[in-house]
Each structure stands twice: as C-alpha cells, then as structure tokens.
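Subject: Structure handover

Hi,

Here is the structure I promised to pass on to you. Please open it alongside this message, and my notes follow below.

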There are 2 protein chains.
Amino acid sequence: MISANPIAPMSGHSEPLVEFATPFVVFLGDISAQTYAKTALGLIQWRPGECVGQMRLSTATFDAGVPDVTVAAAKAAGARSVVIGSAAVGGIVPASWVPALCEAARAGLDIVAGMHGRLAALPGLAEAAAAGGARLVDVRVPPPGLPVGTGRKRTGRRVLTVGTDCACGKKYTALQLAADLQRAGMDATFRATGQTGIMIAGRGVPIDAVVSDFVTGAAEVLSPDAAPGHWDVVEGQGSLFHPGYLQVTVGLLVGSQPDAFVVCHDPLRTHIASWPDFALPSVPELIERTILLGRLTNPGIRCVGVSLNTSKVPSGQRAALLARYADETGLPCVDPLVEGTGAIVSEIRRRFPA
Amino acid sequence: MISANPIAPMSGHSEPLVEFATPFVVFLGDISAQTYAKTALGLIQWRPGECVGQMRLSTATFDAGVPDVTVAAAKAAGARSVVIGSAAVGGIVPASWVPALCEAARAGLDIVAGMHGRLAALPGLAEAAAAGGARLVDVRVPPPGLPVGTGRKRTGRRVLTVGTDCACGKKYTALQLAADLQRAGMDATFRATGQTGIMIAGRGVPIDAVVSDFVTGAAEVLSPDAAPGHWDVVEGQGSLFHPGYLQVTVGLLVGSQPDAFVVCHDPLRTHIASWPDFALPSVPELIERTILLGRLTNPGIRCVGVSLNTSKVPSGQRAALLARYADETGLPCVDPLVEGTGAIVSEIRRRFPA
C-alpha cells in the first residue's frame with residue numbers, strides 16, 4: 001500500500017539515527033511462534049528488497065517466508081548484516097543462539113539487535129566481530145540526556161496507535177497511516193518507538209528501554225513542536241491492560257499528548273498473548289481508558305478509528321466483522337494491510353479541519 | 001512514634017542490600033526549598049542519632065535543622081559518610097556541588113547518593129575518592145536481571161501508599177504504618193522504592209531508575225510471596241495524575257498488586273509541585289483512579305485510609321480538616337507523624353480479618 005515515504009526526515013527532530021548495512025538477513029534462532037518474529041516480519045514487509053534470507057537454528061523454527069541461508073550463502077547473496085529478528089519476552093538473546101551469531105560475525109557480517117541486552121555482552125561475540133571486521137549495532141539504546149516530562153502543550157498534531165495487546169498491529173497501522181496521510185497531501189511523520197520501527201525508519205527512541213523516570217520526557221522529545229498542520233504518527237507500545245508492560249504504554253500516551261488515537265486489535269485473540277490469566281479488553285473499554293488517561297495532557301483526545309488484523313479471519317467473514325466494530329464504536333474500521341487507512345485519514349480531516 | 005523496627009529483614013527477600021558507614025552528614029548544596037531536601041530530612045528523622053551535621057554551600061540554602069559543619073568539623077564529629085540530601089528534578093548533581101564533594105572525598109569521607117547519575121561520572125570525584133580512600137556509594141542502581149512482570153497472584157498481603165503528588169508523605173506514611181502494624185502484633189515489612197527509603201531501610205529497589213519494560217517486574221520482586229498473614233508495606237512513588245512521573249506510579253501499582261492502599265495528601269497544595277499547569281486531583285478522584293488501575297492485578301483492591309501532611313496547618317484547624325476528609329471518604333484520616341496510623345491499622349484488621 002505504501003507509495004509515499006512515511007519516514008521522511010522532519011526538520012528539528014532530535015532522535016538518534018540508526019543505520020545498518022544492507023542487504024541483510026534475519027536471524028530467527030529457535031523461536032516457535034509468529035508473535036515473537038515481529039521484528040523479522042516487519043523488516044521484510046517494510047524494507048522490501050533488502051532482505052536476502054533467514055537464518056534458523058532448525059526447521060522447527062518459525063518460517064518468515066524468505067529463503068533459508070547459511071552464513072556462506074548469505075555472503076554469496078550480498079548480505080552485509082544479520083538482524084536478530086525475534087522480540088522475545090524480556091528482550092534477551094538465548095545462549096543457544098550465540099555460536100551461530102559468532103560464526104556470522106567472524107565471517108564479517110554486522111550483527112544488528114534490538115534486544116535489551118547489549119550485543120558486546122554476549123560471550124565471545126565482541127571477539128568474533130573484531131576478528132571478522134564486523135560491527136555490533138544495538139538499536140535499543142536510548143539517547144543520553146533524556147528529560148523528565150513537562151506536560152507542556154506542543155504545537156502541531158499527534159496521532160498515536162494504541163492496542164488491546166502487544167503485537168496486534170500498532171506499528172503497521174502507524175506506518176500505513178503516515179503513508180496515507182502523506183498521500184492525502186498532509187504533512188506527516190512516522191515516529192518509531194520500538195526496535196523494529198526504529199530499524200525500519202532509521203531513527204526513533206526505544207521507549208521501553210528508557211529509564212522509567214524519563215519515559216514521558218522521551219515521548220516528548222520524540223514528537224517535538226511542529227508546524228500547525230503537521231501530524232506526527234506515533235507508534236504505540238504494549239497495552240493499557242497489559243500486566244507486564246502497561247507502564248510503558250501509559251508513559252508514551254501521556255508524553256505524546258495525542259490529539260487522536262487509533263485502536264489496534266486482533267479480533268481472534270481472547271487473552272493477552274503469553275499472559276493467559278488476563279482477558280483482552282474490548283475495543284470500547286480501551287477507547288474509554290485511553291481517553292481517561294490521555295486527557296491529563298490533552299483534554300481534546302479522541303479516537304479516530306479502529307484497525308483490525310484480519311489476516312486469519314476467513315475472507316467471507318471480513319466485511320461483517322469490520323462492520324460490527326464500526327457499528328460498535330461509530331468509527332471507521334479497517335485492516336490497514338488490506339484496504340489501507342484512507343477511512344481513518346478522512347475521519348482525521350473531518351475532526352481536525354486545517 | 002516508632003518503637004518497633006519497621007525494616008526488620010524478611011526471609012526470602014531478594015532485593016539488594018545498601019550499606020554506608022555512619023555517622024553521616026547530609027549535603028544540601030544550594031537547594032532552596034524543603035521539597036527538594038526530602039532525602040536529608042527523611043534520613044535525619046528515621047535514622048535518629050546517626051546524622052551529625054549538614055553541609056550547605058551558602059546560608060541561603062535550605063536549613064535541615066542540624067548543625068552546619070565543614071569537612072574538618074564533620075571528621076571531628078566522627079562522620080564517615082556524606083549523603084547527598086537533595087532530590088532535585090531529574091536526579092542530577094549540579095556542577096557547582098562537585099568541588100565540595102571532591103574536598104570531602106579527598107578527606108576520606110564516603111560519598112553516598114541516590115541521584116540518577118553515577119557518582120564516578122562527576123569530574124574529578126573518582127580521583128578524589130581514590131586519593132582519600134573514600135567509597136562512592138550509588139543507591140539508585142537497580143539490581144541486575146529484573147524480570148518482566150507476570151501479574152501472577154502472590155501469597156501474603158500488600159498495602160501501598162499512593163499520593164496526589166510527589167513529596168506528600170508516601171514514605172513517612174509507609175514507615176509509620178509498618179511500625180504500627182508491628183506494634184499491633186502483625187507481621188509487616190517496609191518495602192523501599194526510592195533513594196531515601198532505601199537509605200533508611202538499607203535495602204529496596206529504586207523503582208524510578210528501572211528500565212521501563214521491567215518496572216512491574218521490579219515491583220513483583222520487591223514484595224515476593226509471603227506468609228498468609230504477612231503485610232508488605234510498599235512505599236509509593238509519584239502520582240497517577242503526575243504528567244512527568246505517572247508511568248512509574250502505574251507500574252508500581254500494578255506490579256505490587258496491593259490488597260489495600262493509603263492515600264497521602266498535602267491539603268494545602270493546589271497544584272502538582274513544580275508543574276503549575278496541573279491541578280492536584282481530589283482524594284476521592286485519586287481513590288477512584290487507583291482502584292480502576294489496580295484492579296488489573298488485584299480485583300479486591302480497596303482504600304483503607306487517608307494520610308494528611310498537616311505540618312503547615314494551623315493547630316486550631318487540624319481536627320476539622322481531618323474530620324472533613326474522613327467524612328468525604330468514609331475512611332480513617334490521620335497525620336501519621338502526629339497521631340500515628342493506628343486508625344488505619346484498625347481499618348486493615350477489619351477489612352482483612354486473619
């Protein structure tokens with residue numbers, strides 16, 4: 001759906017740039033489920049033509065749909081980087097992955113990761129990289145000197161994607177919405193807050209890696225004062241109903257002070273992924289909670305649409321499902337990867353006339 | 001009011017110990033307001049007999065009510081440590097304080113701090129400490145390996161202090177409540193979450209210095225499974241209505257999964273301290289918000305009392321003020337430093353019979 005560039009630079013931004021050499025391969029280790037492959041899948045989707053393969057520790061590993069490659073085959077295909085494509089709980093590289101990463105580094109392939117741990121702390125990897133002339137690129141390192149959040153009202157407009165859970169479309173929706181706003185002639189910038197978004201955009205702030213005291217301040221730095229008609233499209237994180245991560249979500253919400261938000265939801269999910277004791281909130285519950293908390297720094301906050309992940313919904317049921325959520329909320333409801341976010345762009349133009 | 005020891009060790013706790021040599025002096029630099037001297041004032045109050053003086057850069061600095069000392073006088077009085085007694089916004093040591101700290105370190109006095117920055121990063125301080133044989137003790141360093149929060153229900157009971165703002169009595173209330181619970185024959189432990197509480201208790205987790213993804217997990221580690229009748233009294237942080245820090249408060253609330261909470265409030269404050277554009281919530285508003293968010297991990301959460309800081313209220317107006325808040329909430333209302341928290345202990349016993 002992308003024709004415009006949703007991640008064009010904006011004057012005055014102060015987030016760090018993140019660059020790695022391409023083409024690249026994604027490293028999937030031994031992860032078993034798609035949920036944990038979202039970094040790999042996001043890069044394959046949003047940096048098309050730059051991924052030349054996947055490295056898996058066994059055929060039982062999740063298949064991201066690109067060719068399996070060895071280190072030698074990756075080099076032969078022109079790869080310059082190995083991007084760790086997993087977003088495991090806690091953000092740690094398992095010990096069982098390290099030998100394969102060392103082999104790649106010794107062969108001169110840069111290693112790129114967005115985990116909480118630092119690549120240089122993995123046993124032997126710094127030495128392997130030095131031997132092979134490879135770089136270790138940690139994407140999940142917040143910039144130094146982040147301020148405490150002020151709550152001061154900033155110029156320009158902001159729209160945030162929020163979710164009923166992790167890994168339910170917040171990044172994809174934000175990328176698509178930024179592109180569709182630009183296509184509609186509006187000035188819009190995608191603002192990355194997670195490791196995958198940062199790898200896709202080439203910049204951003206890894207909000208969940210920021211020291212807790214500075215999360216609202218980091219969100220303020222991420223979407224600074226802008227021209228009156230400009231929209232920052234801020235990639236959301238976690239969920240306000242997530243027992244492990246809601247503090248990240250709350251800080252991002254209040255620091256972003258969004259004028260508008262889009263709810264992202266997987267209609268087939270009943271519980272928080274990997275937290276089976278916690279039921280998913282309904283979309284109206286999430287709208288109500290987001291407005292309640294977001295009002296602290298933006299009293300005018302409102303929902304402008306619902307984004308459903310319908311990839312696993314039988315095609316004959318899609319239209320009725322979208323219609324049901326639209327009826328329930330009185331808002332446009334789309335799957336951004338199927339019909340785009342044009343209906344949400346229209347709602348934004350209607351609610352926030354220039 | 002303290003006769004029992006609210007910080008007695010509890011078997012099975014896993015937080016790090018924090019120790020520094022005593023007696024100590026408090027360092028106040030050039031801070032002007034009592035709000036920012038809370039570390040110094042807390043240590044003087046809750047480690048009685050161990051503070052032998054204060055170091056101030058000028059007589060315009062806030063006076064903590066202990067003797068002014070030079071480095072030489074501090075040494076003569078037996079001091080072994082200099083504790084930085086300020087909790088400035090952002091937790092940074094101003095450059096203008098560094099020469100005096102270096103002088104103390106060169107004289108062999110340990111330097112103890114609970115700021116976000118590391119002492120060894122201050123220009124010249126590590127060298128001064130090495131020359132003087134002094135230690136640099138950073139209290140605000142989270143333990144390594146904190147987990148992601150699980151939301152799993154733990155055994156034992158928990159009571160959390162929450163506030164309408166920062167610096168409104170959450171630590172004092174928790175210390176007093178832990179002591180009063182013990183005095184009533186109950187098994188209770190104070191759980192420190194801030195630099196001052198950790199310095200007082202000798203252990204704890206500096207929750208606002210934890211990487212955002214792990215705040216709920218840190219709160220879970222802080223108050224682990226315990227015997228059925230045991231109460232952890234968890235020191236609260238920030239405020240759910242604070243535009244800079246609410247993410248810390250939310251993570252601590254959901255990770256602590258408190259059965260009960262006490263609202264701490266300064267009745268003379270109208271706005272968030274240092275955030276004049278943000279009105280203080282009312283006590284009933286805060287009770288409602290705390291229950292709404294706390295229900296995620298403890299559906300039975302309830303308020304068991306209100307703690308007012310009445311230190312600046314004319315004595316003739318105290319009784320009526322306490323009565324008004326008690327009427328408004330239907331809960332016991334006390335100033336813990338005047339009448340103790342016995343009324344809140346009674347409410348806890350009534351609501352949570354053994």
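Predicted model: local features only at pLDDT ≥ 70, side-chain atom pairs only at ≥ 80, totals over all residues.

**How the two chains are related**

Chain A can be superposed on chain B by a rotation of 180 degrees, with 0.0 Å of shift along the axis and an RMSD of 0.1 Å. That is the relation of a two-fold axis.

At the interface, 34 residues of chain A are in contact with 34 residues of chain B. On the chain A side, helix 7 (215-222), helix 8 (246-256) and strand 11 (275-279) each supply at least two residues. Which of the elements gives the most to the side of chain A that touches chain B? Helix 8 of chain A does, with six residues. By residue type, this side of chain A consists of 18 nonpolar, 13 polar and three charged residues.

The copies meet through the same surface, because 100% of the interface residues of chain A are also interface residues in chain B.

**A sheet in chain B**

Have a look at chain B next. Six strands form an open sheet there in the order 7-8-6-9-12-13, with parallel pairing. The edges are taken by strand 7 (188-191) and strand 13 (333-334) of chain B; each has a single partner strand, so one side of each is left without a neighbour in the sheet.

Within this chain, strand 6 (residues 157-163) and strand 8 (residues 231-234) run parallel and are joined by four bridges.

Helix 9 (residues 283-294) of chain B lies across strand 6, strand 9 (260-265) and strand 12 (302-308) of that chain. Relative to strand 9 of chain B, helix 9 runs at about 150 degrees.

**Two domains in chain A**

Back in chain A, the domain assignment gives domain 1 (24-138) and domain 2 (157-351). Their C-alpha centres lie 28 Å apart.

How many residues does each domain of chain A bring to the contact? Domain 1 contributes eleven residues and domain 2 contributes ten residues. On the domain 1 side, helix 1 (residues 38-46) of chain A gives the most, with five residues. The residues of domain 1 of chain A that face domain 2 of chain A in this contact divide into four nonpolar, five polar and two charged.

Best wishes

Conventions
Residues numbered from 1 in each chain as written. Chains lettered and ligands numbered in written order. Least-squares fit on C-alpha atoms with pLDDT ≥ 70 in both. Contact = placed C-beta atoms within 7 Å. Nonpolar A, V, L, I, M, F, W, Y, C, P; charged D, E, K, R; others polar. Pairing = 2+ DSSP bridges. Axes fitted to C-alpha atoms, helices over the stretch in contact; angles between N-to-C directions. Domains from an automatic or database assignment.
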